[in-house]
Amino acid sequence: MKKTQLYGRLLSALLLLLGWSSAAWAQVTVSPSYFTDSTPITLTFDATQGSAGLANYTGDVYIWTGVITDKSTNDTNWRFVVGNSYSTPIAAEKMTPVPGSPHKYTISFTPRTYYPGFASSGEVLKKLAMVFRAAGGSPEGKGPGGADILIGAGVQVAFTSPATPNTQVAAGASVLVAGTATAPSTLTLTLNGTQVAQQTNATTLSTNVIISQQGINTLVLTANDGITTASATTTVIVAPPVTTAPLPAGAKPDGITYINGGTSAILSLTAPNKNFVYVLGEFNNWQATSTSLMNKTSTVNTDATTGRWWIQVDGLTPGQEYAYQFLVDGQLRIADPYCEKILDPDNDPYINSGGYTVYAGLKPYPTGKATGIVSVLSPGEAAYTWTATNFQRPARTNLVIYELLVRDFVARHDYKTLRDTLNYIQRLGANAIELMPVNEFDGNLNWGYSPDFYFAPDKYYGTKNDLKALIDECHKRGIAIILDMVLNHSTGNSPMVQLYGNVTTGPTADNPWFNVTAPHPFSVYNDLNHESPYTRYFSKNVMKFWLQEYHIDGYRFDLSKGFTQFNSGGDVALWGHYDQSRINIWQDYYNTMVATDPTLYPILEHFADNNEEVVLSNMGLMLWGNMSGNYQQADKGKSGWDLSYGYYGGQGGRGWGKPNLVSYMESHDEERTVYTTTTDGNSSGSYSTTDPVTALKREELAAAIFFTQPGPRMISEFEELGYDISINQNGRTGNKPILWNYYQDPNRRHLYDTYRALIALRQQPVFASLYSAYTQNLTGAVKSIITSNANLGVVAFGNFDVVANSTTINFPQTGIWYNYLTGEQLNVTSASTTLNLQPGQYAVYTSKKIGVPAGTTLATRPQEAAVFKLSLAPNPAAGTTTLAYELPAAATTTVTVQNLLGQTVRQLAPTRQAAGAQAQSLALQGLAPGVYLIKLQADGQAQTARLLVQ
């Protein structure tokens, strides 16, 4: 899949304007420069140019090449490709290193005979197409941005004057126009379609041309050598007169405003200190004319509300989509930063790949009319009808967030499938979902932390109404939606970077939004300057948009510590010190968010010093609490296992007064706990945490402490099943296997049900009350948490060591306590009770009997123990299975089949049976494959067994 960046696209377009093929990149040169299909040629490849993917490679380099002919449909339609496999080159593709010139390689051949089948085809050679690679197909050497490398055959032509395209001159100026051809040819020069000069049998042309037309003047130089024809295009700009006029009443200050029933739209762009801007699109045949010239709102740029351009586009057809771009100063084409949909020529073709239709009816890219990313107008589009109108967000104290990446959670990587999978998350008990970034980002196979457009949902996951339907369905189920939002930085594909800067080198000093150099460490891409009023204005619009348009419930702000202009000089510790300017910025943003939606969840990935984080918490902001490393050490049975800092309050915690710490054991940024335990665990004698089953049990042990600690919690996708794939598999941000089969594994299913039960328990008011008595002892090998109020006490403890330990637990009261997860009873006769714990042993006791959620696979209650000696055979089964059991006395038996939601899906008729061994056949036809609970009841007693239906 191509991941071509806009730089490559713009440069390719520029080279075409100049009339040269990509040989002009100096990445590949051809000798002789003028050649036909029968000319012996030598190609020289410089691995340090273009994408530079092979710059530091020292092994054999191979060409991968074909030809573009008169039968090719476009420049990607290679014909007569040499070799059969990209990853297995043949000898004819091998390049020869240039002695004394590291990173340069040559290959010599005659096109007519080198490309198999070309000589007898009768097709006419237009261009050579190529990329380079190592023997296994990687690394690769391509054009800038990953583009194919193209070299034109026959005569080639280029302008030598003006030196650059889009040269600006005064009206009536005389401009020297000159060009060269690679072979004697008839050279013809036209200005705006009218011939102004011609030379025959020449390799050069030079003449003075009067430029009087306002706007864009197009010069075309054509060369014909009697065999082939080539042309070059360049432009000269005469700045047009710009009308200054206020933005029409009711129009949005930025982006698109649909008016007149969708037959018109007002487009607005913030671009201070620019001279003129055109809008080009399907509604005006992509023409820069006086009618497509935008108005300027003010001649003075004083703040983020000035420096704005606008135009009203009429004659639109409601229900029809229109592609468009802005042409700034006659030189730069950009998409609309505020548009809600973009078209990307390099990545859109792969959205509906793999046999999946993720985005039905996706508008095609306007090939030949535009270059780079384009925006989309959608006049007359029907508004989404929201159906969940009475959703109440869970209290922060009860919040359990499930973090997921759509791409790595469901194979179809779309919102529709995720919506159909909500039963799983709802059954687990999570009451919020945090979606890793879903606004447009570079490429498709991405975590989303490379944003370029902030108001457009990335189409790789589906349509915007698919996203709204997902949010709507979540709200129906009582589940909140939190978006991961990346406002610390943007990639070069952002129009706001390109307006004052370069796709690859980044912003220039006059950029209103971005820093030239980030003042803090860990910077990626292009750093947004949050002291700038332009950035503040833009960021606030983003924050308000998703809350209002998509009804989301909050944000997790990525790299929030980077919202500062304090220069820490690369000192990570200094960067995290108390920063009043950063606090002020977040106070401003927080005020905007709560004014828009007072009950939202505003979560920061901050990781600053505690004296700053407590101020932000008191303000009302929530903050991520990374406990991953500590829980990993604890699960492995190694030192450094203090878990105290996962608690927001006192008693050894952070000392915050408000429950605004979102603690987690795993996140997308951390190695998976079970993976680290099984690969780097501790052991003693026969007990080893590296044993996969033991590692899963220790994850249950960790969960017993994690979920009984007050405050909001977060879990990462499939953590509840002991996901044990390294974060670095297939590259840190590469696709990870989606292992839904884990749910069928009994040990992993037991972990899931432990999570499920503990999440249900923490909804008890004792965990939400700020007035509950709370004590934690989380620094030693044996850890304990004691929480109680007038109605309920909860005591959780566990031995994280790899050897047995004794511990004293101070129960809040004497009497009978109930093991919440097993149903066992403990008679506490003394407030201080000494317990002997085996390695990995844990328990959660409650002062009142509380049932675990129905349908779990946790240990059955004592009265349901093996009283009937119930067994199932075969198990797993398909078609039928047989229940075998023993009755201690004659009784009427009832057999029910329940799914994992506790719903009865089948029941056998009650049968009176005698004492002794019994058997009943259970038909399974009509039951979907999966896990079911078979419950036998007789004489007031019951026993349950698991059955896997295949």
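Guide: Two residues are in contact when heavy atoms of theirs lie within 4.5 Å. The model is predicted: local features need pLDDT of at least 70, side-chain atom pairs count only at pLDDT 80 or more, and totals for chains, interfaces and linings use all residues. Residues are numbered from 1 along each chain as its sequence is written, and side-chain values use heavy atoms, with hydrogens and water left out.

Visitor: How many helices and strands does the protein chain have?
Guide: Both are DSSP runs, numbered from the N terminus: helices are H or I with at least four residues, strands are E with at least two. By that count the protein chain has 16 helices and 53 strands.

Visitor: What percentage of the residues in the protein chain are buried?
Guide: Buried means under 20% relative accessible area, exposed means over 50%, and partly exposed is in between, with a 1.4 Å probe and protein chains only. The protein chain has 950 residues, and the buried share is 57%.

Visitor: Is Glu-440 buried or exposed?
Guide: Glu-440 sits in the loop between strand 25 (432-435) and helix 6. Beyond its neighbours within four places in sequence, Glu-440 is in contact with residues including Ile-342, Phe-453 and Lys-459. Its relative accessible area is 5%, and therefore Glu-440 counts as buried.

Visitor: How far is Lys-464 from Lys-341 in space, C-alpha to C-alpha?
Guide: Lys-464 belongs to helix 6 (residues 464-476). Neighbours within four places in sequence aside, Lys-464 is in contact with Glu-340, Glu-381, Pro-457 and Tyr-550. Lys-464 and Lys-341 are 123 residues apart in sequence, and their C-alpha distance is 8.8 Å.

Visitor: Which residue of strand 6 stands opposite Thr-65?
Guide: Strand 3 (residues 62-69) has eight of its eight residues buried, with Thr-65 on the side that also holds Ile-63, Val-67 and Thr-69. Two strands pair if DSSP finds at least two bridges between them. Eight bridges join strand 3 to strand 6 (residues 125-133), and the two run antiparallel. Opposite Thr-65 stands Met-130.

Visitor: Which are the edge strands of the open sheet of four strands?
Guide: The pairing in this sheet is antiparallel, and the strand order is 15-16-19-18. Inside the sheet, strand 16 (residues 264-270) and strand 19 (residues 308-313) are joined by six bridges, and Thr-270 stands opposite Arg-308. Pairing on one side only marks the edge strands, strand 15 (255-259) and strand 18 (295-296).

Visitor: Which residue just after helix 11 takes a positive phi?
Guide: Helix 11 (residues 610-619) has buried residues, among them Val-614, Leu-616 and Met-619. The buried residues of helix 11 pack against helix 10 (580-596), strand 32 (601-604) and strand 33 (622-626). Just after helix 11, a positive phi of about 125 degrees is taken by Gly-620.
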